[in-house]
Amino acid sequence: MQRDVSASKELGELRGDLLDAAVRVLREQGAPHLTLRRVVEEARTSTMGIYTCFGGRAGLLEAIYRYGFDVLQEVLLRSLDGQAEPFERIMAVAYGYREFALADPALYALMFERPLPDFDPSPELRQDALGRTFSLLTETMAGSEEPTRMAYLVWTTIHGLVSIELTCSLRSPLPGWFLDSREEGARVLADGVSALLRGMRQPGGDRPAAR
């Protein structure tokens, strides 16, 4: 029995080490470098460990994807802490989403874009991700006739504005372009979400743009 517990602990530690190594490779070198060889070199272990812990590369990528939504959920919940009014809660989600994307662009890309064409998270995994993050918006929209649809429209607005800002931030500055600072990015996000809410006539939709 003690041997089984010890083996399980060692396996858990190995899984954690490999996941940490894979996330470091992603952040420092980019998604194309997420090969088994590069990850085990970073973790200083053997390829067999990835098959033992994750079943292979696909399982490892799904673990990174799940980790990304764990982090995003933590950021959003922290942003929502203490916010009671619908408008403030929606904007808290928007600012938290933006904070996560700008702080961790490589992880954000793996979660929401297709930097690896052969990686397609399972429907079950995507459903779990939606349940832990997107549900924070649907709960805020509970007073509307179609809360899921309304939340989707809000999320696409947030995602689109944040993704465009992120693309601009990763390239050389564009002279004369109005999105020329982090502060301006926050203002554009507030303007866009506020305009959408006014059009939807959602709770808080008649409020002026935040920040």
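Tutor: A disulfide is a pair of cysteine sulfur atoms within 2.5 Å, and a search of the whole structure finds zero of them. This is a predicted model, where local features need pLDDT of at least 70, side-chain atom pairs count only at pLDDT 80 or more, and totals for chains, interfaces and linings use all residues. Residues are numbered from 1 along each chain as its sequence is written, and side-chain values use heavy atoms, leaving out hydrogens and water.

Now to helix 5 (residues 86-103) and helix 6 (residues 105-112), whose axes come within 5 Å and cross at roughly 110°. The axes are lines fitted to C-alpha atoms over the stretch in contact, with angles from 0 to 180 degrees between N-to-C directions; helices are DSSP runs (H or I, at least four residues), numbered from the N terminus. In contact (heavy atoms within 4.5 Å) are Tyr97, Phe100, Ala101, Leu102 and Ala103 of helix 5 with Pro105, Leu107, Tyr108, Met111 and Phe112 of helix 6.

Look next at the rings of Tyr97 and Phe112: their centres are 5.6 Å apart and their planes at 50°, so the pair is tilted (centres within 6.5 Å make a pair; planes under 30 degrees apart are stacked, over 60 edge-to-face, the rest tilted). Because Tyr97 lies in helix 5 and Phe112 in helix 6, this pair ties together parts 15 residues apart in sequence. Tyr97 counts as buried at 3% relative accessibility, while Phe112 is partly exposed at 22% (buried is under 20% relative accessible area, exposed over 50%, partly exposed in between; 1.4 Å probe, protein chains only).

Terms used:
Helix = DSSP H or I, 4+ residues; strand = E, 2+ residues; numbered from the N terminus. Phe/Tyr/Trp six-rings, centres within 6.5 Å; stacked < 30°, edge-to-face > 60°.
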